[in-house]
Amino acid sequence: MGKGMFSISAKQQVCQLFFIQVVLIILMATLMTYGPESNANLLKSHTEDRGSRKDVKETDPLRIYPMYQDVHVMIWIGFGYLMTFLKRYGQSAIGLTFLLGAVLVQVAIICEGVLHIHTGKAYLSLTSLLSADVAVATPLISMGALLGKTTYMQLVFMGIVELIVFTVNKYVGEHLLQAVDAGDSMFVHAFGAYFGLAVSFVFGMKNKPKEHRLEGPSYNSDIFAMIGTVFLWLFWPSFNSAALQGDSQQRAIINTLLSISASCVIAFATSGLVSKDSKFNMVHVQNSTLAGGVAIGTAAGMMCEPVGAVVIGALAGLFSVLGYKYLTPLIQRGAKIHDTCGVHNLHGMPGVLGGIFGALMSGLATEASYNYSLYEIFPARTPSSGPRLAEITDNHGMTPPGLDRTAGQQAAYQLFALAITLGIAIVSGLITGMMMRVSIFGSVDEEQKFDDEFHWELEEEESSNESKKERNSSSGDQLPMGHI
């Protein structure tokens, strides 16, 4: 009876997956078309004299392709392998990241396209593909808080809803409030983390989180997870700088490398300080070493000076390790929030820290430090009219009118955008979590959690008795992440 019901539920989920792709095909046909850079029928494609161009122009869309590929690798390899630390959930971590990313990158393209429809359809370009990849990172971060406890259709549904809300929140922050968040510390990392934690809270309301026999890592699974860590660490400068241009892009690359290097060193040092016998803990090394990349994101393109990047990275690494050691167990026991991958410590707290640091740098920004590029980084600070606007236009080229904000006002709007992001993430996460518990998306029983067998056909390399014995055995001294 139980197996029959499970089979029916699994068939329903497969049909739902087919249905979602059919809907995406229809929406893509209805809403999307090639942009001017890639449409053979548009005049621009034929009138450019490419043979006379000796150098690639700053506006050439192909200039972003190498960084787009870096971000692509981060999303599918970095995030996927980072979540393989569970001893019997590696196939699900990589496979479901693959599936979820493939579905949600289409959803993200459509969500952004709806905001930029021209003559009935939205243009599709390499820039929109890059934006879609960055957006997909948001539900993958949320997935980390729920890893091993949901069906794949629950994750797909969560990702679709989250991307819709994410698109609205980012539009409010970037266009209405005109907040600056170059590396998406606020709009991606903080939003994704607290959205996922809110969903996890809803799941914990029904079944109080408790230690599971398969939740810990193994020696080999920890090594595989380090593959994700290293890929993310290497390519994070591209994530923070891909959407920028000129000197801002170069600063973002430099600042990110310095910040993530400092967080790596401090994470190792703090891990040894708080761990037994002053030894390094692999959970800290896999995650907290990356916290500096998150924390520098908002201010990545700003003139925070090398020392500022190093300091913020060091603080992020410190707070992240301390969060894993002390805060995560408190949250699990007190708030009943089970955070499988510790996204609060890698994305949540560093994302909030990055938003606050970005507000501080916005408040300190002056024309003396930035010259006229101040008005490129902070468009809202451009004068709205008058001789000052004419002077900036004469010296710097065509500059659209701004809102004539002061440095203090811009800093206040930065903090306001951070607060709104956190509020929207938590409220929408709670609502989404309740919707995910609807029976049509299936559910995972306690015995089926953190086990690849729930989603995959596994090769039987050992007898059933040996396999059962291995699955019930201890993985060593390292505790599950929620109990560090």
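## Helices α5 and α6

The crossing of α5 and α6 is right-handed. This is a predicted model. Helix α6 covers residues 152–176, and its axis lies 9 Å from that of α5. The two pack at an angle of about 135°. Angles over 145 degrees would count as roughly antiparallel and 65 to 115 as roughly perpendicular; α5 and α6 are therefore oblique to each other.

On the α5 side, the contact is made by A135, V136, T138, P139, S142, M143 and L146. They meet L155, M158, G159, E162, L163 and F166 of α6. By class, the contact of α5 with α6 has nine nonpolar, three polar and one charged residues.

## Helices α3 and α5

Helix α3 spans residues 65–82, and α5 spans residues 126–146. Their axes come within 10 Å and cross at roughly 20°. That makes α3 roughly parallel to α5. The crossing here is left-handed.

From α3, the contact draws on Y65, Y68, V71, H72, I75, W76 and F79. Their partners in α5 include L126, L129, D133, V136 and L140. The contact of α3 with α5 divides into 14 nonpolar, one polar and one charged residues.

## Nonpolar cores

The largest nonpolar core has 85 residues. Which of them touch the most other members? They are I75, M143, L147 and W236. The largest share of this core, 12 residues, comes from α5.

Leaving aside neighbours within four places in sequence, I75 is in contact with G80, T97, D133, V136, A137 and L140. A second, separate core has 21 residues, among them A299, A316, Y370 and Y372.

Key. Residues are numbered from 1 along each chain as its sequence is written. This is a predicted model: local features need pLDDT of at least 70, side-chain atom pairs count only at pLDDT 80 or more; totals for chains, interfaces and linings use all residues. Side-chain values use heavy atoms; hydrogens and water are left out. Axes are lines fitted to C-alpha atoms, for helices over the stretch in contact, and angles run from 0 to 180 degrees between N-to-C directions. Helices (H or I, at least four residues) and strands (E, at least two) are DSSP runs, numbered from the N terminus. Angles under 35 degrees count as roughly parallel, over 145 as roughly antiparallel, 65 to 115 as roughly perpendicular and the rest as oblique. A crossing is left-handed if the near helix is turned anticlockwise from the far one by less than a right angle, and right-handed if clockwise. Contact means heavy atoms within 4.5 Å. Ala, Val, Leu, Ile, Met, Phe, Trp, Tyr, Cys and Pro count as nonpolar, Asp, Glu, Lys and Arg as charged, and the others, Gly among them, as polar. A nonpolar core is a set of buried Ala, Val, Leu, Ile, Met, Phe, Trp, Tyr and Cys residues joined through side-chain atoms within 4.5 Å. Buried means under 20% relative accessible area, exposed over 50%, partly exposed in between (1.4 Å probe, protein chains only).
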